[in-house]
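Dear colleague,

I am handing over the structure below, together with notes on what turned up when I went through it. Please read the notes with the coordinates open beside them.

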Amino acid sequence: MSYKITLLPGDGIGPEITTAMKKVVAATGVDIEFEELAAGEETIATDNTPLPDKVLESIKKNKVAIKGPITTPVGSGFRSVNVALRKKLDLYACLRPTKSIKGLKTPFKDIDLVIVRENTEDLYAGIERMINDDKAESIKIITRQASEKIAKFAFDYAKKYGRKKVTSVTKANIMKYTDGLFFEACREIAQRYPDIEYEERLIDAMSMQLVIKPNQYDVIVTENLYGDILSDLCAGLIGGLGVAPGANIGDDSAVFEPIHGSAPKHAGKQKVNPSALILSAALMFRHIGENDAANKVEDCVNRVISEGKTITYDLGGTATTQEMAEAIADKVKNR
Ligand code: NAD
């Protein structure tokens with residue numbers, strides 16, 4: 001079987017980790033043709049927009065995309081291309097698995113949890129305005145429809161992968177209407193899955209719990225902003241942003257990307273860890289039904305990190321981005 005997949009290398013460290021990821025994908029032998037397109041700052045000059053229509057058309061046609069990070073200017077300038085992609089393609093579920101890597105020294109062992117983050121509304125809806133020079137407002141949108149949809153995704157995921165518990169997270173004691181509605185929707189959906197335990201947590205208590213007892217959690221379903229923050233926190237539990245993959249999934253298409261950003265200060269230095277994007281490619285393989293390739297890639301990333309000989313600075317090594325990718329690719333080829 002052959003696949004055509006849209007590839008957005010992104011900017012900052014995006015292009016170098018993309019080169020690294022392609023080496024590992026090639027080593028699996030799965031027949032993938034990448035349709036490579038640009039987005040972000042560089043297409044403002046060429047296409048007058050950071051998100052050209054041809055990017056959306058390519059993803060709609062191919063149904064699957066993988067991308068590097070894209071810089072978003074802070075405070076002013078264009079809005080996030082990453083958020084726009086998720087909204088325009090209705091990639092309503094953001095999946096962020098957090099799994100301990102054997103052999104990597106971190107304060108916690110055997111963590112295996114998944115964050116399912118609602119990806120299209122909440123404060124990320126971008127409904128903001130200046131009321132006057134000294135006052136700004138941002139409107140938080142939570143709908144029953146989107147909340148039920150993400151809750152259903154979380155429970156279906158739990159069922160499909162044999163997970164036992166779904167924990168829903170908000171701050172409903174303070175935001176009684178918006179977050180209250182999210183909890184209500186989750187409770188409603190939970191009733192349809194009697195075999196899966198359901199519980200609720202407040203975001204502040206949950207942040208502490210995740211740092212003290214992360215092994216208590218299995219599938220976590222939450223809103224857009226809380227999910228963004230919790231997934232960086234969880235990345236910290238397993239070795240940092242360099243090893244944390246992600247996926248944005250809708251009914252029609254899916255876009256795979258690491259959870260980290262474009263780390264501009266490291267761009268072009270070939271020093272960052274390519275594993276997060278390589279593990280995102282493994283999620284992509286599983287999504288298209290290439291489970292062997294997915295397992296192989298995950299196993300080989302684990303083995304290279306466990307051996308500790310060819311790892312990047314963030315994991316305590318001195319290897320370059322490409323050296324680490326080549327070590328993973330060699331293991332994939334020989335497995
Ligand atoms: P960041 O994730 O880019 O980097 C924060 C720090 O984490 C880096 O300085 C580095 O020390 C470390 N880090 C990140 N990726 C790493 C890797 N692969 N290997 C080793 N260390 C790594 O966060 P930021 O600095 O807040 O954001 C930079 C830009 O990226 C911003 O413009 C932001 O909007 C954008 N961003 C994009 C996405 C996306 O494309 N989906 C996601 C998050 C942030």
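A residue is called near a molecule or strand if one of its heavy atoms lies within 4 Å of it. On that basis 22 residues surround the ligand, and the closest are Ile-70, Thr-72, Gly-261, Ala-263 and Asn-273. Before going further, please note that this is a predicted model, in which local features need pLDDT of at least 70 and side-chain atom pairs count only at pLDDT 80 or more, while totals for chains, interfaces and linings use all residues. Residues are numbered from 1 along each chain as its sequence is written, and side-chain values use heavy atoms, with hydrogens and water left out.

The ligand and its surroundings

A polar contact here is a pair of N or O atoms within 3.5 Å; within protein, one must be able to donate a hydrogen and the other to accept it, and residues adjacent in sequence count only if both atoms are side-chain atoms. A backbone N or O atom of Gly-261 lies 2.6 Å from an oxygen atom of the ligand, a polar backbone atom of Ser-262 is 2.9 Å from a ligand oxygen, and an N or O atom in the side chain of Asn-82 is 3.0 Å from an oxygen atom of the ligand. Ala-263 has a positive phi of about 30° although it is not a glycine, and it is found in the loop between β12 (254–256) and α9 (275–287), where helices (H or I, at least four residues) and strands (E, at least two) are DSSP runs numbered from the N terminus. At 26% relative accessibility Ala-263 counts as partly exposed, given that buried means under 20% relative accessible area, exposed over 50%, and partly exposed in between (1.4 Å probe, protein chains only).

In α4, Asn-82 is buried, as are Val-81, Val-83, Leu-85 and Arg-86. The buried residues of α4 pack against β1 (2–8), α3 (53–62), β3 (64–67), β4, β5 (112–118) and β11 (247–249), with contact meaning heavy atoms within 4.5 Å. Ser-80 caps the N-terminal end of α4, through a side-chain oxygen that lies 3.2 Å from the backbone nitrogen of Asn-82, and α4 is followed by Asp-90, whose phi is positive, near 50°.

Arg-96 lies in strand β4 and is buried, with a relative accessible area of 5%. The side chain of Arg-96 makes a polar contact of 2.7 Å with the side chain of Ser-231. Leaving aside neighbours within four places in sequence, the residues in contact with Arg-96 include Arg-86, Arg-117, Asp-228 and Ser-231.

Helix α5 (residues 144–160) has 17 residues and reaches 24 Å from its first C-alpha to its last, close to the 24 Å expected at 1.5 Å a residue; the expected span is 1.5 Å times one less than the number of residues. The buried residues of α5 include Ile-150, Phe-153, Phe-155 and Tyr-157, and just after α5, Gly-162 takes a positive phi of about 65°.

Rings of Phe, Tyr and Trp (its six-membered ring) pair if their centres lie within 6.5 Å, with planes under 30 degrees apart counted as stacked, over 60 as edge-to-face and the rest as tilted. By this rule the count comes to 4 aromatic pairs. The rings of Tyr-92 and Phe-153 have centres 6.2 Å apart and planes at 85°, so this pair is edge-to-face. Because Tyr-92 lies in the loop between α4 (81–88) and β4 (93–99) and Phe-153 in helix α5, the pair ties together parts that are 61 residues apart in sequence. Tyr-92 is buried at 10% relative accessibility, and Phe-153 is buried with a relative accessible area of 15%. Phe-155 and Tyr-198 form a tilted pair, 6.1 Å centre to centre with 45° between the planes, which links helix α5 to strand β9 (residues 197–202) across 43 residues. Phe-155 is buried, with a relative accessible area of 0%, and ring pairs link Phe-155, Tyr-193 and Tyr-198 into a cluster.

Best regards
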